[in-house]
Amino acid sequence: MQIGMAGLGRMGSNMSRRLMRAGHACVVYDKNPKPGQELAQEGAQPAGSLEAMVQALAESPRAVWVMLPAGRITEETVQHLSTLLRSGDIIIDGGNSFYKEDIRRARMLRERGIQYVDVGTSGGVWGLERGYCLMIGGDPAAVQHLDPIFATLAPGIGDIPRTPGRERHDPRAEQGYIHAGPNGAGHFVKMVHNGIEYGMMEAYAEGFDILRNKTSEALPEEERYTLNMADIAEVWRRGSVISSWLLDLTAEALAKDDALSEFTGWVEDSGEGRWTVEAAIEEAVPADVLASALFSRFRSRQQHTYAEKLLSAMRFGFGGHVEQGQKPKAAE
C-alpha cells in the first residue's frame with residue numbers, strides 16, 4: 001500500500017522504515033530534507049514539499065499520515081493538506097493531538113469530502129523493532145481501508161500469552177491496535193493511556209526515592225540501609241507483580257548509573273496528563289493518583305529529587321525525551 005508520511009522525527013522516520021520493510025511504499029516529507037534523504041537510501045520517495053508529496057501519491061484514495069508535535073504545526077499541516085487533497089482522500093494524525101481538536105478537524109474536512117482518522121500512537125523510539133500500539137478513531141470505512149498500514153505498524157501478538165475469554169472480541173486488539181470509536185476516540189484513549197503512564201512512573205519514582213533515602217541520618221542507625229538500586233530494579237523485573245516495560249527501562253538506567261547523574265530531575269509534561277485530569281473533572285471522576293503525578297511534574301521544575309531524576313530517566317528511555325537544556329547520551 002502507498003502512504004505519505006509528513007514529519008520525519010524519531011517516530012515518523014522509524015514508522016516509515018517499518019512500513020517499507022513490509023513492502024509498503026512511502027512518500028516522505030519533512031521541512032528538514034536530511035531525514036528524507038536518509039530514508040531515500042532505504043527505498044522511500046522523498047518529496048520537497050507537501051504539494052510534491054501529494055502529487056507523488058498515485059493510489060486512490062490517497063492517504064497522508066501526519067506525524068508532528070501536537071498544536072500549531074499539526075493544525076497548519078492538516079489545513080494545508082485539506083487544500084491539496086480531493087474528496088475521498090484520507091488524513092491521519094498520529095501525533096498527540098487533543099481529541100476535541102480531532103472532532104473539529106473531522107467536521108471541517110468532512111465538508112470537503114476528505115476523511116480524517118486520529119491515531120494515538122505508543123511505542124516511542126523502540127517502535128521500529130517492537131511495533132507501535134495504535135488506538136484509532138474515525139469512520140469505519142476509512143479505518144478498514146488503512147488496515148494493512150495499521151497491521152504492519154502494530155506489534156502483532158508476539159509472545160504475550162493470549163487472554164482467556166477473548167474469542168468473541170475484536171481480534172485486532174491482541175495484535176496491538178484497535179478501532180476505538182468515532183473521530184477523537186483514538187486520541188482520547190491515548191490521552192488516558194498517557195495519564196496512567198504518569199501515575200505508574202510516579203509510583204516507581206517515589207518508591208525508589210524511599211529506598212535510596214533509607215540511609216537518612218534522621219533514622220536510628222540500626223534502621224539505616226544502603227540499598228542497591230540497580231539490583232532491586234532487576235529483581236523486581238523477574239516474577240514480581242510490579243514488573244513492566246517502565247521497570248525494564250528503570251533497571252537499565254540504574255544499571256548504567258544508580259546516581260542518575262546524567263539527569264537533573266526537570267520533568268516536562270507533554271499535555272496528555274493535563275487533558276486527562278481535565279476530562280476527569282468534566283466527567284466528575286476521581287483521579288487522585290493521576291492528578292498528583294501531574295502536579296509532581298510541575299514541582300520538579302522548582303526543586304529536584306532523586307524521584308524526579310528517575311522520571312527523567314524513564315522518559316528518556318521510552319521516548320528519547322531530553323530535559324530542558326540537557327543533552328543526555330543517546331540510548332544504546
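Trainee: Leaving aside neighbours within four places in sequence, what is P182 in contact with?
Mentor: P182 is in contact with D118, G137 and G138. Contact here means heavy atoms within 4.5 Å.

Trainee: What sort of model is this?
Mentor: It is a predicted model, where local features need pLDDT of at least 70 and side-chain atom pairs count only at pLDDT 80 or more, while totals for chains, interfaces and linings use all residues. Residues are numbered from 1 along each chain as its sequence is written, and side-chain values use heavy atoms, with hydrogens and water left out.

Trainee: Back to P182. Where is it?
Mentor: P182 sits in the loop between strand 8 (177-181) and helix 9. Helices (H or I, at least four residues) and strands (E, at least two) are DSSP runs, numbered from the N terminus.

Trainee: Is P182 buried or exposed?
Mentor: Exposed, because its relative accessible area is 61%. The cut-offs are under 20% for buried and over 50% for exposed, with partly exposed in between (1.4 Å probe, protein chains only).

Trainee: And how far apart are the C-alpha atoms of P182 and P140?
Mentor: They are separated by 8.0 Å, with the two residues 42 apart along the chain.

Trainee: New topic. Which residues have the most contacts inside the largest nonpolar core?
Mentor: W65, I92, V117 and F150, in a core of 28 residues. Such a core is a set of buried Ala, Val, Leu, Ile, Met, Phe, Trp, Tyr and Cys residues joined through side-chain atoms within 4.5 Å. Apart from it lies another core, of 26 residues, with M229, L247, A253 and L260 among them.

Trainee: L260, then. Where is that one?
Mentor: L260 is in the loop between helix 11 (245-256) and helix 12. It is buried, since its relative accessible area is 1%.

Trainee: What is its phi?
Mentor: L260 has a positive phi of about 55 degrees, although it is not a glycine. Most residues other than glycine have a negative phi.

Trainee: What about A284: where is it, and is it buried or exposed?
Mentor: A284 is in the loop between helix 12 and helix 13 (288-300). With a relative accessible area of 66%, A284 is exposed. A284 also has a positive phi of about 55 degrees without being a glycine.

Trainee: Switching to helices. At what angle do the axes of helix 9 and helix 12 cross?
Mentor: The axes of helix 9 (residues 185-212) and helix 12 (residues 272-283) cross at roughly 105 degrees and come within 8 Å. Axes are lines fitted to C-alpha atoms, for helices over the stretch in contact, and angles run from 0 to 180 degrees between N-to-C directions.

Trainee: So what is that angle called?
Mentor: Helix 9 and helix 12 are therefore roughly perpendicular to each other. Under 35 degrees counts as roughly parallel, over 145 as roughly antiparallel, 65 to 115 as roughly perpendicular and the rest as oblique.

Trainee: Which residues meet there?
Mentor: From helix 9, F188, M191, V192, N194, G195 and Y198; from helix 12, E272, G273, W275, T276, A279 and E283.

Trainee: Last one. Where does T121 lie, and which backbone oxygens does its side chain reach?
Mentor: T121 lies in strand 6 (residues 115-122). A polar atom of its side chain is 3.1 Å from the backbone oxygen of G94, and the T121 side chain reaches the backbone oxygen of V119 at 3.2 Å. T121 counts as buried because its relative accessibility is 5%.

Definitions and conventions
Polar contact = N/O pair within 3.5 Å; in protein donor to acceptor, adjacent residues only side chain to side chain.
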